[in-house]
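Please look over the sequence and the structure first.

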Amino acid sequence: MIQCVFQPMRWWNPCAISPGTLQAPAMLLNPSRAQEGEVVLAQCVLQKIIPAARIVFCKDGMELYSMKAHQHTVIYSMLLNISARSSGTYTCAYQQRNKSNCLRRSPLSTPLDLLVTGGT
């Protein structure tokens, strides 16, 4: 019987770079340059329909937002209300439970930079 390796969640950073056997998602930012006060759409796109458990959006290597994954969904979206602190590097990843019910995580998406300019 295969057992999961226990890792306390407070020590686990889903936004840390990690190799994996899962396929990395793609990160999209629309647009990649914005002004303070605007809203940017961030999307995490899975390469195919997979049984994901959780989607994680990251900024500068730290978890920014996470959501429960839904069956038959490949695009997960988050709106960013742009402020001066929104500039940075954004990535996303997902978690998946294997047949033994152990959580695995995907590699991070290719990082995208968001540039914020002064307000209107």
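A residue is called buried when its relative accessible area is under 20%, exposed when that area is over 50%, and partly exposed in between. Arginine 54, at 18% relative accessibility, therefore counts as buried. The model is a predicted one.

**Strand S7 and its partners**

- Strand S7 covers residues 88–97 and is mostly covered, with eight of its ten residues buried.
- Strand S4 (residues 52–59) runs antiparallel to S7, and seven bridges join the two.
- Within this pairing, isoleucine 55 has tyrosine 94 of S7 as its bridge partner.
- S7 is also joined to strand S9 (residues 112–117) by three bridges, again in an antiparallel arrangement.
- Here tyrosine 90 stands opposite leucine 112, a residue of S9.
- Strand S8 (residues 103–105) pairs with S7 over three bridges, in the antiparallel sense.
- Opposite glutamine 96 stands arginine 104 in S8.
- S7 and S8 form a hairpin, with five residues between the two strands.
- In the turn of that hairpin, asparagine 101 has a positive phi of about 70°.

**Threonine 91 within S7**

- Threonine 91 has its place in strand S7.
- Its relative accessible area is 8%, so threonine 91 is buried.
- Setting aside residues up to four places away in sequence, threonine 91 touches Met27, Val56, Phe57, Cys58, Leu108, Ser109, Thr110 and Pro111.
- In a regular strand, side chains alternate between the two faces of the sheet.

**The three-stranded sheet**

- Three strands form an open sheet in the order S1-S3-S6, and their pairing is antiparallel.
- Strand S1 (26–30) and strand S6 (75–81) are the edge strands, each pairing on one side only.
- On average, neighbouring strands of this sheet are turned by 20° against each other, direction ignored.
- Strand S3 (residues 39–45) and S6 run antiparallel and are joined by seven bridges.
- Glutamine 43 has serine 77 in S6 as its bridge partner.

**Disulfides**

- The count of disulfides comes to two.
- Cysteine 15 is buried at a relative accessible area of 3%, and cysteine 58 is buried at 0%.
- Cysteine 44 and cysteine 92 form a disulfide in which the sulfur atoms are 2.2 Å apart.
- Because cysteine 44 lies in strand S3 and cysteine 92 in strand S7, this pair ties together parts that are 48 residues apart in sequence.
- The S-S torsion of cysteine 44 and cysteine 92 is about 85°, so this disulfide is right-handed.
- Cysteine 44 is buried, with a relative accessible area of 0%, and cysteine 92 is buried at 0% relative accessibility.

**Salt bridges**

- Side chains of opposite charge can pair when their charged atoms come close.
- The count of salt bridges comes to two.
- Glutamate 63 and arginine 54 meet in a salt bridge through their side chains, at 2.8 Å from N to O.
- In this pair arginine 54 is buried at 18%, whereas glutamate 63 is partly exposed at 35%.
- The side chains of lysine 59 and aspartate 60 also meet in a salt bridge, at 3.2 Å from N to O.
- Lysine 59 counts as buried at 19% relative accessibility, while aspartate 60 is partly exposed, with a relative accessible area of 46%.

**Proline 31**

- Proline 31 is found in the loop between S1 and strand S2 (33–35).
- At 33% relative accessibility, proline 31 counts as partly exposed.
- Leaving aside neighbours within four places in sequence, proline 31 is in contact with Val40 and Leu114.
- Proline 31 and leucine 115 are 84 residues apart along the chain, and their C-alpha atoms are separated by 9.4 Å.

Notes
Residues are numbered from 1 along each chain as its sequence is written. This is a predicted model: local features need pLDDT of at least 70, side-chain atom pairs count only at pLDDT 80 or more; totals for chains, interfaces and linings use all residues. Side-chain values use heavy atoms; hydrogens and water are left out. Buried means under 20% relative accessible area, exposed over 50%, partly exposed in between (1.4 Å probe, protein chains only). Helices (H or I, at least four residues) and strands (E, at least two) are DSSP runs, numbered from the N terminus. Two strands pair if DSSP finds at least two bridges between them. Contact means heavy atoms within 4.5 Å. Axes are lines fitted to C-alpha atoms, for helices over the stretch in contact, and angles run from 0 to 180 degrees between N-to-C directions. A disulfide is a pair of cysteine sulfur atoms within 2.5 Å. A salt bridge is a side-chain nitrogen of Lys or Arg within 4 Å of a carboxyl oxygen of Asp or Glu.
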